[in-house]
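Me: I would like to learn how to read some local and packing features in a protein model, one at a time. Could you take me through them, giving the idea and then the case at hand?

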Amino acid sequence: MAISMKEVSRRQFCRSAITLPMLAATGLNLTGCANLSATRFVSGATDATQQDYLVVFNDSGELLHQVALANRAHDIVAIDKQHVVAVSRRPFTQLFVVNIESGECVKQITAQSGFHFYGHAAVDTKRNQLITTENEIVTGRGKLVFRNLITWLIDDVVDSGGIGPHQCALLNSKDVLVVANGGILTHPKERRKKLNLTTMKPNLSYFELASKRLIEQVTPPHFQLSLRHFAISDTDQVIIGAQYQGYHRDTLPLIYSHQLGEKLQPLKAPAEFWQQMQHYTASVSIDNGAGIVGVSSPRGGVIGYWQLANRTLITSQKFTDCAGITFSKEGFMLTNGKGQLKYFVANLQQPLMAQQGLKLRFDNHLIAVG
Amino acid sequence: MKKSIQIISLCSVLMACGGGGGSSDKDPIIDPPVVKKTKEQAMAELLTSQAEHYIIPAYRGLLEQSTQFEQASANFCSLSTPTQDDLESLRGAWFSLSQDWQYSRAIKMGPVSEEFRHFRLQYWPDNNNAVSRGVASLLASAEINQFTVASLQDGAQGIPALEYLLYFENNGALLLSGDEREKRCLAVMAIAANVHDIIADVVQLWTEGSDPFFASFTQGSGDYTTQQAVLEDFVTNWFELIEVISDNKINHVLGFEAPGRINDAEQNLSQTSLNNIKQNFKGIEAAYYVGTHYGFDNYLNEIHEGHQVGTKIDQSFIDINAQLNALNAPLEQLVNTDQGRAQLVALVNTIRDFRDLMSSEFVQLTGLNPNFNSNDGD
C-alpha cells in the first residue's frame, strides 16, 4: 500500500516527537500519532453478558474486530500476520483459529477426549506445528500436544515434565521449547480447586524440539511458587512470573530470570513491592531494545518494570485489575479487566494513548501482531 | 423490609391525596417534579449510606460482641468450679461474636484487609492445621497474654482458635477442670483480648484520626481514584464472598458423596457452619438494601431504571433465604444425608444463579465492573 508524503511526514514527526523526554511533562494527547502503526493487538475478552470474544484493536485503542468465541480464551499466538490461535482456559477444550484481518473464526479444534487446554500454545514454524499445553484428565499429568498446522491433526503427545503446564514458547537461538509447569493439579469436576497445594512441584522445563527430549529442568526456591507465565528475550533470557500458593504472610520474589544451563535468579525489588503484588503475577513482556521487562499483577493492580541486565526494578505503574502487557515495536500496551487500555511509548510515566470506554474485560494476555 | 415500608408510605400518600373525593373547590394537586440525582450524586449517597448504615454499625456491633466475649471469658475463668452450663454460656458469647464477624464479611476492604487483620480474625480455610498448631504454640509459651498471641502466626489469633479451645479436645472439658484449665483459660482470655484489639483498630481506622478510611470510602480518595472505583471494589468483594460460600463453604464440604468433607466445614467443631452462611447472606443483603436507606436497589432504579433487574435480585434474596431457612440441621449433618445433600446442591445452584445475575445483568446495567482477573488463578 502506498503511503502519501503527508502520512510519511506525520509519521516522521510523531516518531521524533515521542523520543523527546520533555513530552511526558507536556501532557499532550498525541492520539493522531498513535494511530500510525499497522500493529494490531489481540486479546481474549468477555463482556458483561458473559459472552467471550477474541478482540483486535489498534494502537489508538480502536476496536477493529470482536469475534465471538464459545468459551473464555486465555493466551493468543500468531500463526502468521493474518491468523492467530486463541487457546481456551482450563477446563475448556477448544482452540479457535481467527483471521484478524477479516474478523472471522475460520476453524475450531477440539482437544482429544480426556484432555483440556491450559490456555497457552506455541508455534514451531520450522516444523509447521502448534504445540499446546494440556491436561490428561484421568492421570492429571501435563502433556505437550503437537498438531500439524495444516491438517490440525495431532502428530505427537509427550509429557510436559510436570503437572499443570502453562505457558510455552520457543527459544530464539536454539531449537528448544520452554515450558512452565505450574505444578498445580486441578480436575474439571472440581471447578478451579487446587488439589495438591502441599505436594506441588513446579518447574521450568526445556525440551529439544527435534527429539522432544527433556534437556533441562529448574525448580523455584519454594515448592509453592507456581511458575506460569514468561517471556523470552532476544538473547534467550527467560523471565518467568510466579503465583505463590503458600502462607499469606510470606514475602518471596515472584519473578525470576533463567538462561539455559544457568541458575534461576530472582529479580530484585523491595519486600513492599512483592507484597503489593499479592503473590500473583499474570503477564510478562520484554522490550529488547531498552532491555526492560514488564510484569503485570492483577491482584495488586500494579505493573513492575525491571532492567534485564541487572534485574533491578526501575519503575512501576498502578493500573486497577491490570491484565495483559505486550511490547509492540514502539511501546508497552496494557489492558485491564475494566475495558481500559494504556499505551506507553518512549516513557513509562505518561501513556501516549489511554482508552477508557471499551465495555469489555480483557483476559490476562495480549499479543502484538504486525 | 425496605420494600414494605415503601409500599406503606405510598399507600398513605394515596389516601391523603385522593381518599375524600367530592370536594371541587380546592386547587388541583400537582405532583412536585421528580428531581433525579445525577450518577455522581447517587454514588456519593450510596457510599455514605453504606458506610453510615451498614459498615460502621456492623463493625461497632462486632466490637461490642468482642467486648462481651472478653467479659464472658473473664467471668468464666474466675469461677473456681465452672459447670457445663457456664461453658455453654461462654460458647454462646463466642457464637454471637462469630456471627457478627460473619455479618461483616462482605466488607473485605480498607482497614480489615490491611496488616493481615482479616486473616488474624479468621484463618480459614485452614489447609495446614495452622489453628491447632497456633493454639499449641500459645499453650507452650512461657507467658500467655494478648501480646504473645499477637506475636504468633495468624492461626493462633482469632475466632477459630477460640472455637478450638471451646470445643476441641474432649469437647472443651479441659476448660472445666484439670491441670490444664488455668493455662487454657489464660489462652481464651488472651485471644479474646487480641480479637478485641484488632476489631477496635478496624473501627478506629474507619472513623477516627485525620484521615479516616470513611473519607476515602465515601469520596473515592486515598488509594481510590473515583467513587466508582470504591463501588467496584465493594462489589468485587461481594462476588468473592458469594463464590466462597458456594464453592468453599458448601460445595467443597459436600464432596462427591456422603459423608462429604465434614472436617473442612468452616466451623465444624461447633457445628455452626450453616449459621455462618446465613449471616453472610444477611450481610450481603444489608449491603445491597442498606435497610431503609439509599441502597444499591435505589441506585439501580434511580440511575439505571433497572426495575426488572431489581425485581430479579429481590427474588434471588427471597429464594436463597427460603432455602437456607428450610435447612433444619447443621451443615455437618446435612452433607451426610441424601435429603440434606439434595437441599445443599439446590442451594448451591440458586447461589450460583444469583452470582450470574449479579455479574451479568447487574454489572451490565450499572457499569460497575468487579475486578476480573484477580482471582481466576491463571
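Reply: Let us start with one residue and its place: A:Asn128 sits in the loop that joins strand 8 (115-124) to strand 9 (129-136) of chain A. Please keep in mind throughout that this is a predicted model.

Me: Which residue other than glycine has a positive phi near 60°, and where does it lie?

Reply: That residue is A:Arg311, with phi near 60°, and its place is the loop between strand 22 (302-307) and strand 23 (312-318) of chain A. A:Arg311 has a relative accessibility of 18% and therefore counts as buried.

Me: Where are peptide bonds cis, judging by omega?

Reply: One of them runs from A:Arg90 to A:Pro91, where omega is near 5°, and A:Pro91 belongs to the loop between strand 5 (83-88) and strand 6 (94-99) of chain A. Another runs from B:Trp124 to B:Pro125, with omega near 0°, and B:Pro125 is found in the loop between helix 4 (117-121) and helix 5 (130-139) of chain B.

Me: How many disulfides are there over all chains, and which cysteines form a disulfide?

Reply: The rule asks for two cysteine sulfur atoms within 2.5 Å of each other, and by this rule the count over all chains comes to 1. The pair is B:Cys77 and B:Cys185, with their sulfur atoms 2.3 Å apart. The torsion about the S-S bond is -95°, and the link of B:Cys77 and B:Cys185 is left-handed. Because B:Cys77 lies in helix 2 (residues 39-78) of chain B and B:Cys185 in helix 8 (residues 181-207) of chain B, the pair ties together parts that are 108 residues apart in sequence. Both B:Cys77 and B:Cys185 are buried.

Me: Which residues does A:Thr326 touch, and is A:Thr326 buried or exposed?

Reply: A:Thr326 is part of strand 24 (residues 322-327) of chain A, and at 8% relative accessibility it counts as buried. Leaving aside residues up to four places away in sequence, A:Thr326 touches several residues, among them A:Phe41, A:Ser285, A:Phe332, A:Leu366 and A:Ile367.

Me: How should I read the packing of two helices, and at what angle do helix 3 and helix 7 of chain B cross?

Reply: The angle between the axes and the distance between them describe two packed helices. In chain B, the axes of helix 3 (residues 84-103) and helix 7 (residues 159-167) come within 11 Å and cross at roughly 160°. Helix 3 and helix 7 of chain B are therefore roughly antiparallel to each other, and helix 3 of chain B passes helix 7 of chain B in a left-handed crossing. The residues that meet include B:Leu87, B:Trp94 and B:Trp101 in helix 3 of chain B, and B:Ile159, B:Leu162 and B:Tyr167 in helix 7 of chain B. By class, this contact has 9 nonpolar, 1 polar and 2 charged residues.

Me: At what angle do the axes of helix 10 and helix 15 of chain B cross?

Reply: The axes of helix 10 (residues 227-254) and helix 15 (residues 338-366) of chain B cross at roughly 160° and come within 10 Å. These two helices of chain B, helix 10 and helix 15, are therefore roughly antiparallel, and helix 10 passes helix 15 in a left-handed crossing. Their contact has 16 nonpolar, 3 polar and 5 charged residues.

Notes. Residues are numbered from 1 along each chain as its sequence is written. Chains are lettered from A and ligands numbered from 1 in the order in which they are written. This is a predicted model: local features need pLDDT of at least 70, side-chain atom pairs count only at pLDDT 80 or more; totals for chains, interfaces and linings use all residues. Side-chain values use heavy atoms; hydrogens and water are left out. Axes are lines fitted to C-alpha atoms, for helices over the stretch in contact, and angles run from 0 to 180 degrees between N-to-C directions. Helices (H or I, at least four residues) and strands (E, at least two) are DSSP runs, numbered from the N terminus. Angles under 35 degrees count as roughly parallel, over 145 as roughly antiparallel, 65 to 115 as roughly perpendicular and the rest as oblique. A crossing is left-handed if the near helix is turned anticlockwise from the far one by less than a right angle, and right-handed if clockwise. Contact means heavy atoms within 4.5 Å. Ala, Val, Leu, Ile, Met, Phe, Trp, Tyr, Cys and Pro count as nonpolar, Asp, Glu, Lys and Arg as charged, and the others, Gly among them, as polar. Buried means under 20% relative accessible area, exposed over 50%, partly exposed in between (1.4 Å probe, protein chains only).
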